[in-house]
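Trainee: Hi! I have a structure open and would like to walk through it with you. Could you help me read it?
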Amino acid sequence: MKILVTGGTGYIGSHTVLSLQEAGHDVVVIDNLVNSSEESLRRVAELSGRAAEFHHVDLVDEAAVERVFAASPIDAVIHFAGLKAVGESVREPLRYYHNNLVGTLNLIRVMDRHDVRSIVFSSSATVYGEHNPIPYVEKMEIGANNPYGRTKEQIEDILSDLGAADTRWHIALLRYFNPVGAHPSGRIGEDPQGIPNNLVPFIAQVAVGRREKLMVFGGDYDTPDGTCLRDYIHVVDLAEGHVAALNYVADRTGVFRWNLGSGKGSSVLEVLRSFEKAVGQPIPYEITGRRAGDLPAFWADATSALADLSWSTTKTVDQMCEDHWRWQKNNPQGYGN
Ligand SMILES: NC(=O)c1ccc[n+]([C@@H]2O[C@H](COP(=O)([O-])OP(=O)(O)OC[C@H]3O[C@@H](n4cnc5c(N)ncnc54)[C@H](O)[C@@H]3O)[C@@H](O)[C@H]2O)c1
Ligand SMILES: O=c1ccn([C@@H]2O[C@H](COP(=O)(O)OP(=O)(O)O[C@H]3O[C@H](CO)[C@@H](O)[C@H](O)[C@H]3O)[C@@H](O)[C@H]2O)c(=O)[nH]1
């Protein structure tokens with residue numbers, strides 16, 4: 001099949017382009033490069049031996065998206081493109097709603113006009129909000145507590161309404177837990193711009209000497225070691241989850257929701273210890289105050305993805321840290337070196 005990947009130069013997108021090519025698909029990428037570099041695709045091509053077609057296009061520009069669909073026949077879309085920083089979304093809600101919602105509406109309107117009605121969408125565990133018990137199960141009532149999360153929830157609603165109104169659509173909503181790690185080659189990985197918000201990229205930059213120490217946000221939670229628990233998932237497992245979801249919806253219409261996580265929580269200090277093991281030396285850290293908005297613990301109920309997609313995570317937190325470290329060590333400045 002020919003798959004259009006929006007946001008395909010980004011962290012999860014680039015790994016998924018590689019998985020799609022390895023599964024034999026042709027790939028077309030749309031990205032506006034607001035948070036990524038085309039260098040990732042060059043390296044993906046080096047790994048897979050086949051080049052993806054790249055269009056430097058902003059999804060907010062409907063005419064430009066239209067031109068991509070007019071130029072090549074697309075069979076299905078995996079939609080990653082979006083802004084993703086929770087804190088930034090609180091400060092700049094309009095930018096988040098405009099980019100994520102208008103971009104998605106343009107995309108699905110153009111898809112509909114071109115009779116392309118298969119889409120796999122990047123949602124997030126953040127849609128479960130603060131009110132649900134753990135582990136999170138797909139049938140729970142969702143309700144995000146920040147603008148970024150609300151864009152995910154609203155896009156899930158838009159796609160669900162669309163699937164109900166027009167039964168020709170094949171729709172997969174994938175709720176990711178915490179993606180970390182990198183391709184084991186160390187050639188592609190996460191390249192955050194500015195100060196990393198997320199735990200593992202921050203630890204990696206401390207380990208490589210770009211930052212002084214990790215600040216652990218809160219050591220007094222009601223958890224085994226006092227730090228928060230999250231469900232970390234290797235980005236290559238996550239990429240494979242997209243290929244599985246795409247195959248599932250290919251011959252089924254309707255709207256499907258799956259958690260993509262391991263089903264297991266790990267604490268901040270456990271992740272730090274794994275990373276230290278990968279690096280082979282201690283990583284400086286300090287336990288400091290809690291970060292506003294953090295939940296003490298959450299992880300996925302991952303049984304639906306296993307039952308429906310025959311997909312489950314295969315890699316441990318140790319492997320995530322080893323692979324993340326290989327990428328960071330070989331590319332201390334990310335793609336910028
Ligand atoms: N990384 C995580 O922790 C996480 C967790 C849950 C969900 N997600 C979601 O998964 C998706 C991919 O995340 P990622 O970590 O790879 O992020 P990323 O920032 O690396 O990738 C997103 C890509 O989308 C592009 N983009 C943004 N707005 C665009 C627009 N209007 N037009 C075209 N391209 C645009 C960016 O340039 C970037 O390459 C996002 O939708 C994100 O919200 C990520
Ligand atoms: O410098 C840091 C960064 C993070 N943490 C802690 O590490 C844990 C994980 O934090 P982080 O990596 O920022 O992930 P989450 O806050 O769980 O959020 C991520 O994972 C969600 C899905 O589970 C996505 O929706 C979000 O977009 C994504 O940022 C939390 O306890 C943080 O308090 C620190 O202690 N120090």
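Trainee: Is N106 buried or exposed?
Mentor: N106 is buried, with a relative accessible area of 7%. Buried means under 20% relative accessible area, exposed over 50%, and partly exposed in between, using a 1.4 Å probe and protein chains only. Before we go on, this is a predicted model: local features need pLDDT of at least 70, side-chain atom pairs count only at pLDDT 80 or more, and totals for chains, interfaces and linings use all residues. Residues are numbered from 1 along each chain as its sequence is written, chains are lettered from A and ligands numbered from 1 in the order in which they are written, and side-chain values use heavy atoms, with hydrogens and water left out.

Trainee: Thanks! Where does N106 sit?
Mentor: You will find N106 in helix α5, residues 93–113. Helices (H or I, at least four residues) and strands (E, at least two) are DSSP runs, numbered from the N terminus.

Trainee: And which backbone oxygen lies 3.0 Å from a polar atom of the N106 side chain?
Mentor: That is the backbone oxygen of V60. A polar contact is a pair of N or O atoms within 3.5 Å; within protein, one must be able to donate a hydrogen and the other to accept it, and residues adjacent in sequence count only if both atoms are side-chain atoms.

Trainee: New topic: how many aromatic pairs are there?
Mentor: The search of the whole structure finds 10. Rings of Phe, Tyr and Trp (its six-membered ring) pair if their centres lie within 6.5 Å; planes under 30 degrees apart count as stacked, over 60 as edge-to-face and the rest as tilted.

Trainee: Why is the pair of Y136 and F177 tilted?
Mentor: Their planes are at 40°, so the pair is tilted, and the ring centres are 6.3 Å apart. Y136 is in the loop between β5 (118–124) and α6 (147–165), while F177 is in the loop between β6 (170–176) and β7 (178–180), 41 residues apart. Y136 is buried at 2% relative accessible area, and F177 is buried at 4%.

Trainee: What about F275 and W325?
Mentor: That pair is edge-to-face, with 6.1 Å centre to centre and 75° between the planes. F275 lies in helix α9 (residues 268–279) and W325 in helix α11 (residues 317–330), so the pair ties together parts 50 residues apart in sequence.

Trainee: Now the ligands! Which residues are closest to ligand 1?
Mentor: Of the 27 residues that surround ligand 1, the closest are D31, N35, S36, F80 and Y148. A residue is near a molecule or strand if one of its heavy atoms lies within 4 Å of it.

Trainee: Which side chain has a polar atom 2.8 Å from an oxygen atom of ligand 1?
Mentor: K84 does. The protein covers 95% of the 820 Å² of accessible area that ligand 1 has on its own. Accessible areas come from the Shrake-Rupley method with a 1.4 Å probe; for residues, only the protein chains shown count as cover.

Trainee: And what comes nearest to ligand 2?
Mentor: Of the 23 residues around ligand 2, S124, N178, M215, R230 and D294 come nearest. A polar side-chain atom of D294 lies 2.5 Å from an oxygen atom of ligand 2, and the N178 side chain has an N or O atom 2.7 Å from a ligand oxygen.

Trainee: Which element gives the most to the shell around ligand 2?
Mentor: β8 does, with four residues.
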